[in-house]
Amino acid sequence: MSLEEIRGIGTRDMHARLLLDSYHRLTGKNLLSLATDQTAAQAIEQAPLVVLSHGTEADPILNYGNAQALKLWEMSWDLFVATPSRLTAEPMEREARKHFLQQVHARGYVDDYTGIRIARSGRRFYIEQATVWNLADDQGRLRGQAAAFPAYTYLPD
């Protein structure tokens with residue numbers, strides 16, 4: 001394994017810990033359980049949930065998506081983590097999404113969220129039972145926002 005691959009695993013695992021720890025601090029619940037031989041990154045990657053996050057840029061960029069998220073949005077890892085998160089919603093849904101994320105920022109998290117999103121191909125889907133939460137490190141610095149949801153329904157064309 002190359003040094004770059006090791007760094008990538010370390011970075012992904014650190015981000016996965018941020019996802020899990022922030023979720024637990026805010027909700028008092030575990031997003032998922034880790035097997036004793038799993039890293040946080042492996043657990044999230046193999047989870048039956050869609051899990052994704054974005055950073056704190058003025059126009060936040062997606063910075064993580066597990067296998068379920070990449071499949072749903074029909075993107076490779078490299079494309080996904082270069083995509084502004086606003087583009088996960090249709091243009092007419094973006095203002096409502098923006099206001100919702102402002103509520104999450106103020107409250108810390110919101111659960112049982114539903115909304116319409118769009119894949120790279122233009123295929124629309126309705127996300128269901130989503131929890132959206134702020135990502136904060138151990139010092140309380142905001143690092144972005146994340147979402148996880150167990151269900152989605154494709155909408156007719």
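Student: What share of the protein chain's 157 residues is buried?
Tutor: Buried residues make up 42% of the 157; buried means under 20% relative accessible area, exposed over 50%, partly exposed in between (1.4 Å probe, protein chains only). This is a predicted model, where local features need pLDDT of at least 70, side-chain atom pairs count only at pLDDT 80 or more, and totals for chains, interfaces and linings use all residues. Residues are numbered from 1 along each chain as its sequence is written, and side-chain values use heavy atoms, with hydrogens and water left out.

Student: OK, how many helices and strands does the protein chain have?
Tutor: Five helices and six strands. Those are DSSP runs numbered from the N terminus: helices are H or I with at least four residues, strands are E with at least two.

Student: Which residues are buried in α5?
Tutor: Arg97, Phe100, Leu101 and Val104. Seen down the axis of α5, these buried residues fall within an arc of 100 degrees (taken from the directions from the helix axis to the C-beta atoms), so they line one face of the helix.

Student: Why would residues three or four places apart point the same way?
Tutor: Because an α-helix has 3.6 residues a turn.

Student: And what covers the buried residues of α5?
Tutor: The cover includes β1 (50-54), β3 (109-118), β4 (124-136) and β5 (142-149).

Student: What happens just after α5?
Tutor: Gly108 takes a positive phi of about 105 degrees there.

Student: New topic: what does the C-alpha trace span along its principal axes?
Tutor: About 45 × 35 × 30 Å for the protein chain.

Technical notes:
Contact = heavy atoms within 4.5 Å.
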